[in-house]
Amino acid sequence: QAVAQVLNGHILTHGPECAAFENKFAQFMGPEAHCVTVSSGMAALHLAYLHFGIGKGDEVIVPAMTHIATVHAVEWVGATPVFVDCDPNTGNLTAEAIAAAVTSRTKAISVVHFQGIPCNMPEIMDIANAHDLKVIEDCALAVGTRYGGCHAGLFGDAACFSFYPVKHLTCGEGGMFATRHEDVAVAVNKLRAFGVDRKHEERSVPGMYDVPQLGLNYRMSEIQAALGRSQLTRIDEILLRRSENFAALKQGLSLLPNIRVLDSTCRKAINSHYSLTLVLENELKSYRNEVIGQLKEAGIGTSIYYPQPTPRMTYYR
């Protein structure tokens, strides 16, 4: 119905739905948040590195186990991704592992809250502050993820959300750039829209504007924003259902040997339960594909997160 309302109107982009979605998502995250709708989670990541001027000759610390978009965004600005292994209990980077990878060329840390499990951000921010590093939080799986009451993405310098179909919220395709720095949000707002200096409503004469900087077209449409905003009204229900599903699955799996479930390991951490990830250990390790096949025959869908560490992918290898 929300999408139909947009289609029955006369504004398909640059309109009020995107602004409303940005405002509502910022309210959901917390009073510090400033949000900018974008065309995808990777668009948000790319914009973050562009805005902070990270490029050739710079290093960015990234988790070895993540979706390829996390690393591609670093590669597209010409910087060098430095792969770091993750905690086997949570799938997340740790402050200790990050500290060991910092060099004189390190300019940023890319933190991924794996499967909605929050990283220990206070410890990571201590490392970042000690070395004057930017922190980009990849929150593609972390809508509703919090640490010590603070939403994921509001610790570092920028947060990048994805609204791909299987995420907590979906716009079909789409994303959100979020930051606790208002000036960063203002700058990224222009960067994602060709570098144009003024919005439609700011133009005294329609069609008159200037382009003082290089920009991109990473905008979200009104149709996508309407879908996302309507889903946001149900976010409490969505998070509760995922939490209940996670608890039921984890309880059932706890009765089986040689299976380990990834989950939060800190009382301050709130897992948003993007999905339940289990690791087959010991003699079960070699039976992964057989287990997947038998589950499929039983009508139970699964997916591998992720098929292999990013540095083993052909391009990065």
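Tutor: Happy to. A pocket here is found on a 1 Å grid over the protein atoms alone: an open set of points where a 1.4 Å probe fits, with protein on both sides within 12 Å along at least five of seven lines, and lining residues have an atom within 4 Å of a point. Grid points are joined across faces, edges and corners, and a volume is the space filled by probe spheres set on the points. This is a predicted model, where local features need pLDDT of at least 70 and side-chain atom pairs count only at pLDDT 80 or more, while totals for chains, interfaces and linings use all residues. Residues are numbered from 1 along each chain as its sequence is written, and side-chain values use heavy atoms, leaving out hydrogens and water.

The largest pocket has a volume of about 1,500 Å³. Its lining has 40 residues, with T277, L278, V279, I304 and Y305 nearest the centre. Two or more lining residues come from each of α9 (235–253), β10 (259–261), β12 (278–280) and α10 (288–297); these are DSSP runs numbered from the N terminus, helices being H or I of at least four residues and strands E of at least two. The largest share, four residues, belongs to α10. By type, the lining holds 26 nonpolar, eight polar and six charged residues, counting Ala, Val, Leu, Ile, Met, Phe, Trp, Tyr, Cys and Pro as nonpolar, Asp, Glu, Lys and Arg as charged, and the others, Gly among them, as polar.

The second largest pocket holds about 780 Å³ of space. Of its 33 lining residues, E22, N189, R192, K199 and E201 are closest to the centre. α2 gives the most to this lining, six residues, and the lining divides into 14 nonpolar, eight polar and 11 charged residues.
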